[in-house]
Structure formats: C-alpha cells, structure tokens
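Please keep the structure open while reading.

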Amino acid sequence: MAAAMPLALFVLQLLGPGGWCLAEPQRDSLREELVITPLPSGDVAATFQFRTRWDSELQREGVSHYRLFPKALGQLISKYSLRELHLSFTQGFWRTRYWGPPFLQAPSGAELWVWFQDTVTNVDKSWKELSNVLSGIFCASLNFIDSTNTVTPTASFKPLGLANDTDHYFLRYAVLPREVVCTENLTPWKKLLPCSSKAGLSVLLKADRLFHTSYHSQAVHIRPVCRNARCTSISWELRQTLSVVFDAFITGQGKKDWSLFRMFSRTLTEPCPLASESRVYVDITNYNQDNETLEVNPPPTTTYQDVILGTRKTYAIYDLLDTATINNSRNLNIQLKWKRPAENGYIHYQPAQDRLQPHLLEMLIQLPANSVTKVSIQFERALLKWTEYTPDPNHGFYVSPSVLSALVPSMVAAKPVDWEESPLFNSLFPVSDGSNYFVRLYTEPLLVNLPTPDFSMPYNVICLTCTVVAVCYGSFYNLLTRTFHIEEPRTGGLAKRLANLIRRIRGVPLL
C-alpha cells in the first residue's frame, strides 16, 4: 500500500478537472453575448447569443468525450449525417413597423430545416427520425412533422455554413404554426449551455420574466465553419440565440427607463468560467426622436461603432471577463435612462387587474395642424364567469368612451365680457382667455363581441337534475315509509261464484 501511493498521486497530477491530460490543448471554445436595444416604440429588445465552436470532424472521428459541445447534438450530427440544422421556437410576431428590423427573424410556432450530407440514402426516413428525436430533446411536438407539412425549397433556404454543392434533394423544411412555446422548451434549451443557468449571461434566463414579454424566440443553429484561413479543415459551430421584447408600458410601469434587474429581476455577478468571451452590448445610438438622448449607467469602458442592417450604430461594451467591470460593485446592473425636455409629453399607463380595476392610459401630446393621429392598444380576449355576463350578452359588451381634453389656440381675440352676467359661458369655458380656450370631447363607446356560452344549458341541466332527484327520491321515500299488510282473501264474491259455476258445469273441482 505504501508503494502505491506515489503512483496514484502522480496520475492525479497529470489529470485535469475534466479527467483529461493538461498537456492536451482544448479543442472547443465558448463565446456569449447579450445585445440590449432600445426600440423606437419605447420597448426594449434583448438578444442573447451563445456560440460554441468545436474543432472536430464528427463525421469521421470517433468522438466519445464532450466538454462544451452538447453530447446530444453531437450524436445527432454523427448518426444522421447532418450538414446543417436550424430549429426555432417563437411566441408572438416581430412588428417591424414599430420595432425596426430584427437581428434574427423566425416565424411564429416551431420551424425546422435541415441539410443532410450527400451520403444519406433515404432522406425522408432520416428526416422523420430526426424530428422525433428533437421532439424528445426539446420537449416539443416536432413528432407531428410528416409528409403533409414538409417541403423541399429550392431557392429560399441556402446553406449558411460550408457547402460544396446545393443539391436541394438533401434539404427538408417544416413549420408548426400552432406550437406553443413554454417553459418545457426553455429548460432543455438552457441545459445545452456549458454553464447551464448557473453563471455568466445565462443567469438572466428566468422563465417567468422571459415569457412575460411581447415577443419570445429561441433557436438552435448548427453549421460547419472553417477552422483556419485556408479552410483546410472544418469545425462545428453551435449557435444558441434567444430574443425577447419587453413592453415598456407594462413591465416598466409606463417609463422608458430600464435596467437589467427590472427586465430580468436579476443582475450579473460573475462570468461563465468556461467562456473565452463574455460581453454585454448596449445600443446607445441617438435616435433623434423628440430630442431624446440616452444615458447608460455605469459608464462603459469602451464603445463600438458599426453599420448594422444599413444603419450606423454605437454600442457600449461591458466585458464580464474584465475584473474591474464586476468587482467594483460585486454585480453589474446596467441602467438605461432617457433624457428629454420637460415641455414634451409623458405617457401614464396603469394596467388592469382582472375583476379589480380597468385599464387607464393617458397621453400628453402636441398635435400639429391638419394632422391625423391614431392610438391603438393590443388586448387579449378572455372568457368571463357565467355569473358575470349581462342580461343580454349576445348584444355585446361596451368599452367606455375615450376623453380628449385640449387647449385650443384662439384665432380671434376675446372681447371683455362680464362673466357674472353670462353664467352659461362661464361654466362651459372656465379657462377661456384671449389666446386659447379649453375643450373636452368624448368618443363613441366601443361595442365588443365576446364569445358567449349557451345560457339555456344551465336551465336544462337544473330541470333535468331536479326531475331525476324528485322521481328517484320520491320512489325511494315511498318504499321506505309505506306499510305493507297481508290481506286475507274473501270467502265469496261475484267473480268467485261465476268461476265455480263454470267449473261445476265442466265437472272440475270448485275453488
């Protein structure tokens, strides 16, 4: 035993934390990024990107150890001879008109498109098996993908990585628009990350905050990339992206100021120890909207400028691997504050609570002459309790009229009037003067049709139930309370005498 101790210690010194020899260079790397973009509508978009690169040819090498690259996806590449895989789960629709162009676009529901290697003989069989395996990995309904919803595009979905040819016979595409994205899809997506949700940017991935947004899209992209400049060998890149849009007027309580804690209810405390790059980018480009300027706190150490989607952007960079970024306050809570002149409008919004209080939206705006202003509100219809319906629910439900209060400039100077002699005008225009007058206008009430149940059914059920109970209970009660007596038969009677007369004639015994 004494001779075996030095040998055991020597072996432990050669092995690293993962069980591999320290002299062997690492073949994989992780880069994580977060881009925070204030949108023109006042909302805030947050885009996460985790890029895992593995210098290994899974198609040729017998890989048995996985460090950063998920083993489940690595085995899919080898078993089904995949060239590229693109999978996305999206809840909501990206509103380009109000939010601008997106970094990554995806359709609502689930989208899957795959390029297979040219060595695959039966593409349809591999496609069916692959969709079933992905259904189990991501806890989704991808197993419903079959020939009825699968197509083979020829021009729209080109390979995004290295491609020697573009034979579209090896491409398959399918969409499930009715797929509902929920926590069951996010949890396995986070488990694919090297640090899961324990450290780095992934600590912000809190389900109850990510799904309380106007837009949610998570995706997985796998493609081969060049390992060096000459592209003599290839590497595999796994890109996990997640994009969300936070509603400024609901989550931000009507304010355009934002912070990491307000969006995610968490702050950044430490980088992922397995990441070679961990950064947060904040779009601080001046949009010149109503002379608004953006202030970011804490001040960034560096900035970055580039042309993104045809627009020059300026980003504040926060490097989590820089010890000074987090160690100063032990956490990083980036705050975005908008500065705007006091004479411009503010928006006050009080969200409704079911069966407690209604919505309240107040806007102070200045309208130019001969202009048209439209105000729209997104809402969701909900079913009421059957006791909450009005006596005539099929007529519809009324929404209270809007109120427009305006201080209209006067083009004609008012004459000096003794208001005591004209009480009517004094009560109608209490703030009228020579330059402007006050006006309050009301819009028409809005009639909304909601789905209504069949109110005759409760009546029918009550009547049927009462009838069954009355019949069954009455019969059962009658049987329990009735008294039965044995009645002796009478000695005579007309029927008996007639019967005996007939029997006597026939010669049979009498009764």
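**Overall picture**

This is a predicted model. The protein holds eleven helices and 20 strands. Of its 511 residues, 33% count as buried. Among contacts between residues at least 6 apart in sequence, 69% join residues at least 24 apart.

**Disulfides**

The count comes to two disulfides. One joins cysteine 195 to cysteine 272, with an S to S distance of 1.8 Å. This pair links distant parts of the chain, 77 residues apart. Cysteine 195 sits in the loop between α5 (183–191) and α6 (207–210). Cysteine 272 sits in the loop between α7 (260–264) and β10 (277–283). Both cysteine 195 and cysteine 272 are buried. The torsion about their S-S bond is about 70°, so this disulfide is right-handed.

The other disulfide is formed by cysteine 226 and cysteine 231, whose sulfur atoms are 2.1 Å apart. Here the S-S torsion is about -75°, so the disulfide is left-handed. Cysteine 226 is partly exposed, at 28% relative accessible area. Cysteine 231 is partly exposed too, at 29%. With the bonded cysteines numbered in sequence order, the pairing reads 1-4, 2-3. Cysteine 466 is in no disulfide. Its nearest cysteine sulfur belongs to cysteine 463, 6.8 Å away. Cysteine 466 is partly exposed, at 47% relative accessibility.

**Salt bridges**

There are seven salt bridges by count.

| Aspartate 28 | Arginine 67 | 2.9 Å |

Arginine 67 lies in the loop between β2 (44–54) and α2 (71–79), and aspartate 28 in strand β1 (residues 28–38), so their bridge ties together parts 39 residues apart in sequence. Arginine 67 is partly exposed at 38%, whereas aspartate 28 is buried at 10%.

Glutamate 237 belongs to strand β8 (residues 234–246) and arginine 223 to strand β7 (residues 215–226), so this pair connects parts 14 residues apart. Glutamate 237 is buried, at 12% relative accessibility. Arginine 223 is partly exposed, at 25%.

Aspartate 283 is in strand β10 and lysine 313 in strand β13 (residues 311–319), so their bridge spans 30 residues of sequence. Aspartate 283 is buried at 0% relative accessible area. Lysine 313 is buried as well, at 14%.

**A buried glutamate**

Glutamate 84 is in strand β3 (residues 82–91). Glutamate 84 is buried but has no salt bridge. The nearest side chain of opposite charge is that of arginine 223, 6.5 Å away. What does the side chain of glutamate 84 reach at 2.5 Å? It reaches the backbone nitrogen of glycine 161. A polar atom of the glutamate 84 side chain also lies 2.8 Å from the backbone nitrogen of leucine 160. Its contacts include Trp113, Trp115, Pro159, Ile222 and Pro224.

**An annotated segment**

An unreviewed UniProt entry places a "transmembrane region" at residues 459–480. In the model, this span is 100% helix and 0% strand. Its end C-alpha atoms lie 31 Å apart.

Definitions and conventions:
Residues numbered from 1 in each chain as written. Predicted model: local features only at pLDDT ≥ 70, side-chain atom pairs only at ≥ 80, totals over all residues. Heavy atoms only, no water. Disulfide = S-S within 2.5 Å. Helix = DSSP H or I, 4+ residues; strand = E, 2+ residues; numbered from the N terminus. Buried < 20%, exposed > 50% of the residue type's maximum accessible area, 1.4 Å probe, protein only. UniProt positions renumbered as here; feature names shortened; annotations may be inferred. Lys, Arg positive; Asp, Glu negative; His and termini not counted. Salt bridge = Lys/Arg side-chain N within 4 Å of Asp/Glu carboxyl O. Polar contact = N/O pair within 3.5 Å; in protein donor to acceptor, adjacent residues only side chain to side chain. Contact = heavy atoms within 4.5 Å. Lists of a residue's contacts leave out its neighbours within four places in sequence.
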